[in-house]
Amino acid sequence: MKAFLILEDGNVFTGTSIGSTKEVVSEIVFNTSMTGYLEVLTDPSYAGQAVVMTYPLIGNYGVCYEDMESLRAWPDGYIVREIARRPSNFRSQDGIETFLLKHDIPGICGIDTRALTKILREKGTMNGMITTNENYDLEEVKAKLKEYSPAGVVEKVSRLKKTEHPADEGTDKGLKVALMDFGSKNNITRCLTKRGCHVTVYPALTSAEEILAANPDGIMLSNGPGDPKECTSIIEEIKKLYNSDVPIFAICLGHQLMALANGGDTHKMKYGHRGANHPVKDLSTNRVYISSQNHGYVVDDSSLDESIAKVSFVNVNDGTVEGLEYTGKNIFTVQFHPEACAGPRDSELLFNKFITMMEDCK
Ligand SMILES: NC(=O)CC[C@H](N)C(=O)O
């Protein structure tokens with residue numbers, strides 16, 4: 001069946017429908033990872049967005065459910081050049097098309113994803129519609145696309161009840177970590193439990209009082225979807241966590257929220273960073289790490305005074321802020337993904353830094 005991707009600027013791509021045939025309006029973003037398509041599909045930070053995979057062949061090693069980064073797939077839509085019809089991998093349990101159908105994700109394949117990505121790079125992220133209806137009215141669709149903006153996405157992806165995750169067998173360090181779930185990827189929990197931490201994952205709207213009452217040795221603020229400035233009530237709770245003196249490590253959305261809680265500012269980037277090979281420089285050592293990234297917003301360079309926080313990492317490609325160290329506090333935050341999945345594990349050592357910080361404060 002034919003499918004159409006209609007962009008806000010009037011460009012139309014015609015391809016073949018994959019997955020669900022339902023019509024969807026979403027923000028269109030591109031990801032440059034060559035592998036890790038299942039991790040991308042199950043990363044809750046993509047809620048409210050349809051993802052274009054720039055790598056031209058998707059699904060070649062199939063779907064292995066163990067690799068999912070959350071309980072389900074989150075993007076509103078999936079846009080690819082070519083789907084591998086016959087996956088080849090001894091771990092594979094399904095093909096990617098079956099996976100999209102099971103998760104009711106509409107997609108389109110067979111389009112020129114390189115041309116599409118060039119449009120998004122030149123004009124910036126924009127909204128789009130995926131539809132199988134050949135009789136669409138372009139002007140009507142364009143008007144609809146102009147109006148669309150994803151909202152309430154953190155509440156949509158966060159868990160409803162707290163969950164407990166004990167340290168892996170034989171590793172227990174007696175450290176309790178409270179992880180705020182704004183759309184947390186599973187590997188954040190795994191990176192902590194394999195390092196001997198007991199992790200309690202809390203729903204996004206849990207109060208700071210409830211978290212602090214459990215006496216955690218450290219608090220993690222997770223990644224998550226949407227515009228950080230929308231999370232006004234969460235930012236108020238983070239202010240209280242900041243004042244508690246419990247060590248805090250924050251990733252991506254968590255990093256942006258901690259900056260906003262301290263008077264910093266964020267803005268939307270032209271087309272964001274989404275991929276598995278973004279170089280970030282540690283300013284304390286000048287060492288460059290290759291990182292996994294997925295963000296459309298960024299903390300403004302000079303919005304935080306050095307008396308509050310110092311920039312610790314920058315992006316080597318465009319110089320944007322990739323990490324902050326809070327002055328006089330046991331708090332550090334990063335814009336990239338040290339938990340990887342998908343992508344390189346270079347910066348996983350930041351979890352060791354967090355463990356040492358918690359042990360020193362205990
Ligand atoms: N992965 C994330 O946490 C993304 C944070 C935020 N939603 C952004 O797009 O910038």
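Q: What makes Thr113, Leu116, Thr117 and Leu120 of helix α3 (residues 113–123) count as buried?
A: In this predicted model, Thr113, Leu116, Thr117 and Leu120 are the buried residues named for α3. The cut-off is 20 or more other C-beta atoms within 10 Å of a residue's own, so these four get the label.

Q: How do you know that they sit on the same side of α3?
A: Look down the helix axis: they cover an arc of only 95° around it, which puts them on the same side of α3.

Q: Which exposed residues does the face of α3 turned away from its buried side carry?
A: That face has Arg114, Ala115, Lys118 and Glu122. To be called exposed, a residue needs 12 or fewer C-beta neighbours under that count.

Q: What covers the buried residues of α3?
A: Strands are on the list, including β2 (12–19), β3 (24–31), β4 (49–53), β6 (77–80), β9 (126–131) and β15 (266–282).

Q: What follows α3, and what is its phi?
A: Gly124 comes after the helix, with a positive phi near 95°.

Now over to α8.

Q: How do you know that the length of helix α8 (residues 232–243) agrees with what a helix should span?
A: Take 1.5 Å a residue: the twelve residues of α8 should then span 16 Å. The end C-alpha atoms are 17 Å apart, which agrees.

Q: Which residues of α8 are buried, and why are they said to be on the same side?
A: The buried ones are Ile234, Glu237, Ile238 and Leu241. They cover an arc of only 105° around the axis, so they end up on the same side of α8. On the other side, Thr232, Ser233, Glu236 and Asn243 are exposed.

Q: What covers the buried residues of α8?
A: The cover includes α7 (208–213), β13 (218–221), β14 (248–251) and α9 (253–261). As for what comes after the helix, α8 is followed by Asp245, whose phi is positive, near 70°.

Q: How is the chain divided into domains, and what separates their centres?
A: Domain 1 is 2–150 and domain 2 is 154–361. Taken over C-alpha atoms, their centres are 27 Å apart. The contact between them takes 23 residues from domain 1 and 23 residues from domain 2.

Q: Which elements give two or more residues to the side of domain 1 that touches domain 2?
A: Those are β3, α1 (37–41) and α3. The largest share, three residues, comes from β3.

Q: What is the makeup of that side of domain 1 by class?
A: Nine residues are nonpolar, ten polar and four charged.

Notes
Residues numbered from 1 in each chain as written. Predicted model: local features only at pLDDT ≥ 70, side-chain atom pairs only at ≥ 80, totals over all residues. Expected span 1.5 Å × (residues − 1). Arc of directions from axis to C-beta. Contact = placed C-beta atoms within 7 Å. Domains from an automatic or database assignment. Nonpolar A, V, L, I, M, F, W, Y, C, P; charged D, E, K, R; others polar.
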